[in-house]
Amino acid sequence: MKKIRIFAALLFSQLAVISCKKDEKKPSETAITATNDSVKISKATEEKIDYKNFNIYSVTVISSGQKDALSDIFISVSDIYTDPQPIQKEALSNQKNVSPEQLQYIELDSKHRSKILNGLHLTENDSLYLYNYQFNKLEKLPLNKLKAVAYLDFYSMEGEEVDGTSYMVGFQIEAHKEPDIRNKYENAVAYFGNKNPFIENKMKPVQWKKASADISKKYFTSSKLTPGDTYQAKYEDLTYYLQDYLQDEMVQERKLVVVNDRNEKTFEKTITTAGGDGAEFTPLNGISNDEGNTSQWTGYLFKGKPPVIFGFVAQSFGCPSITFLDKNQKDFTINCDNRH
């Protein structure tokens, strides 16, 4: 049987955010200690955002996988909304007499739409704030204009009996679009709620360049692994240093150090793929990829929060995270419905 192919663009290229309750997931990029708290906080605090009930999501591009097939754009909330019966029963009854195409996509009825809204602590008066930080484009879409829908997940096979847990449930942004629609949602961030949490025009791709051996000795401690190349980059008054650590000539670990304009170490972090099955390091901007491709991004993204950095690890069996350049701020895990 032919699998339904569902293409999900995870962060580093796409993000989505929704206002609802969830325990933090353990990210694969594990923060360690920082020496002081001198990293600046965003001054854009005119709207107070409740970050205690704040979650991040990826945007999913769904296609049949056939050449030139049209695509739907969708945000799955199934990492948060885990109702065992998220879809009306009649939509899944008599499956033997229903075509595979009908089972692949279901629009939820009003009862199950309301269940999602209640489960996520949203109302029809809330909006989707969709922000593409690469192009500095912010869209506000009323939630009451978005369909509550369900798409069959990647692992369901044509001809197999399915139930509600076989579906990704969430909100459809666009439908039946040409394949190049994917470009619109690369490097996009979104939030469901009644306030815009985003700071505009303050995100930049990290521009790495090789640093001298003196930098490595000055800012990085010894390790059981073999030190490799050292890199540096700038963002406003911050300087980033990144150190590779090797085993058998392969990068096994990276360490990030952030220094302010007074030459004070303000933040440090160990970046590893351990704990993420199938995870791997992404290419470094300007070093191991071309200028047209960017993996690491940094800058001020959320109102009232320190600058962020992300894009060091690509996940195969898990979801990535955003790191704040402040030891007192937890990473935001990106709920990406990457079920296996």
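Which residues of helix H2 (residues 110-119) are buried? In this predicted model, the buried set of H2 consists of His 112, Arg 113, Ile 116 and Leu 117. Viewed down the axis of H2, these buried residues fall within an arc of 145°, so they line one face of the helix. For Lys 111, the relative accessible area is 56%, and its C-alpha atom is separated by 9.4 Å from that of Ile 87, 24 residues apart along the chain. The buried residues of H2 pack against strand E9 (147-152) and strand E10 (167-177). Just after the helix, His 121 adopts a positive phi of about 60°.

The protein contains 3 helices and 23 strands, and 52% of its 340 residues count as buried. Among contacts with a separation of 6 or more, 67% are made by residues 24 or more positions apart. The accessible surface comes to about 16500 Å², with 46% of it belonging to carbon and sulfur atoms.

Strand E14 (residues 226-235) runs antiparallel to E15 and is joined to it by 8 bridges, with Thr 230 opposite Gln 243. The hairpin of E14 and E15 has 2 residues between the strands, and Glu 236 there takes a positive phi near 50°. E15 also pairs with strand E16 (residues 250-259), in the antiparallel sense and over 9 bridges; here Tyr 241 stands opposite Val 257. In this second hairpin, again with 2 residues between the strands, Asp 248 has a positive phi near 55°.

Salt bridges number 15 in the whole structure. One of them, between Asp 83 and Lys 115, has an N to O distance of 3.4 Å. Asp 83 lies in the loop between E5 and helix H1 (100-104) and Lys 115 in helix H2, so the pair ties together parts that are 32 residues apart in sequence. Asp 83 is partly exposed at 25% relative accessible area, and Lys 115 is likewise partly exposed at 24%. Arg 254 and Asp 244 form another salt bridge, at 2.6 Å from N to O, which links Arg 254 in strand E16 with Asp 244 in strand E15. Both partners are buried, Arg 254 at 7% relative accessibility and Asp 244 with a relative accessible area of 4%. Shared partners also join Glu 139, Glu 174, Lys 177 and Lys 184 into one network of salt bridges. Within this group, Lys 177 and Glu 174 meet at 3.6 Å, N to O; Lys 177 is partly exposed at 31% relative accessibility, whereas Glu 174 is buried at 14%.

How values were computed
Residues are numbered from 1 along each chain as its sequence is written. This is a predicted model: local features need pLDDT of at least 70, side-chain atom pairs count only at pLDDT 80 or more; totals for chains, interfaces and linings use all residues. Side-chain values use heavy atoms; hydrogens and water are left out. Helices (H or I, at least four residues) and strands (E, at least two) are DSSP runs, numbered from the N terminus. Buried means under 20% relative accessible area, exposed over 50%, partly exposed in between (1.4 Å probe, protein chains only). Contact means heavy atoms within 4.5 Å. Accessible areas come from the Shrake-Rupley method with a 1.4 Å probe; for residues, only the protein chains shown count as cover. The arc is that of the directions from the helix axis to the C-beta atoms. Two strands pair if DSSP finds at least two bridges between them. A salt bridge is a side-chain nitrogen of Lys or Arg within 4 Å of a carboxyl oxygen of Asp or Glu.
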